[in-house]
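Hi,

Here is the structure I said I would pass on. Have a look at it first, and then read on for what I found in it.

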Amino acid sequence: MSTTDIRTALTDLLFTPGLSLDEAADRHFAPDYRQRTDGEWADRPQFLAHIAHLRDVVAHGSVQVDDELVQGDRYADRHTVDVTKKDGSTVRMEVYVFAEFAPDGRFRRIEETTLLLQGGADDRTLGSAR
């Protein structure tokens with residue numbers, strides 16, 4: 001089974017101009033995808049609404065994976081996301097992820113906790129804003 005990973009998924013979702021949201025999501029997230037960010041659950045349509053919002057806010061950025069573990073259908077990582085917003089401000093977040101893959105290697109479920117390292121008070125909820 002070939003599996004996706006956070007860096008590739010987030011790069012396609014947020015930092016690849018010209019790649020549609022639906023195409024990026026279909027590459028990396030199963031139809032029954034669910035995500036919990038900082039205690040708040042979102043189904044796939046809510047998750048896509050969140051990513052659509054970020055696409056309106058974020059100009060560019062990058063993902064650095066600091067630690068990553070894949071074992072069978074389980075995935076865990078710690079990554080840092082750096083973004084420059086369209087208003088010119090910058091945000092840096094550290095994210096801790098536990099996830100499950102669907103049989104086809106796409107993410108079925110992600111549970112994550114975010115830590116704002118740099119940014120304004122309103123950026124604390126950037127990981128789940130819609």
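Before the first number, one term: a residue counts as buried if its relative accessible area is under 20%, as exposed if it is over 50%, and as partly exposed in between. With that cut-off, buried residues make up 44% of the 130 residues in the chain. Do keep in mind that this is a predicted model.

Now the overall picture. You'll find three helices and six strands in the chain. Starting from the N terminus, the order of the elements is α-α-β-β-α-β-β-β-β. The chain is as compact as a globular protein of its length, because its radius of gyration of 14 Å is close to the 14 Å that the globule rule gives for 130 residues. The accessible surface comes to about 6,700 Å², and carbon and sulfur atoms account for 49% of that. As for contacts in the chain with a separation of 6 or more, 55% of them are between residues 24 or more positions apart.

Strand β3 (residues 58-71) and strand β4 (residues 74-85) run antiparallel and are joined by 12 bridges. The hairpin of β3 and β4 has two residues between the strands, and G72 takes a positive phi near 60° in it.

On to the next pairing: β4 also pairs with strand β5 (residues 90-101), again in the antiparallel sense, over 11 bridges. Here Y75 stands opposite A99 in β5. This hairpin has four residues between β4 and β5, and G88 in the turn has a positive phi of about 95°.

Which residue other than glycine has a positive phi near 50°? That's D38, and you'll find D38 in the loop between β1 (29-37) and β2 (40-43). D38 has 41% relative accessibility, so it counts as partly exposed.

Finally, take a look at T37, which lies in strand β1. Is T37 buried or exposed? With a relative accessible area of 5%, T37 is buried. The T37 side chain also makes a polar contact, at 3.0 Å, with the side chain of E112.

Definitions and conventions. Residues are numbered from 1 along each chain as its sequence is written. This is a predicted model: local features need pLDDT of at least 70, side-chain atom pairs count only at pLDDT 80 or more; totals for chains, interfaces and linings use all residues. Side-chain values use heavy atoms; hydrogens and water are left out. Two strands pair if DSSP finds at least two bridges between them. Buried means under 20% relative accessible area, exposed over 50%, partly exposed in between (1.4 Å probe, protein chains only). A polar contact is a pair of N or O atoms within 3.5 Å; within protein, one must be able to donate a hydrogen and the other to accept it, and residues adjacent in sequence count only if both atoms are side-chain atoms. The radius of gyration is taken over C-alpha atoms; the globule rule is 2.2 Å times the number of residues to the power 0.38. Contact means heavy atoms within 4.5 Å. Accessible areas come from the Shrake-Rupley method with a 1.4 Å probe; for residues, only the protein chains shown count as cover.
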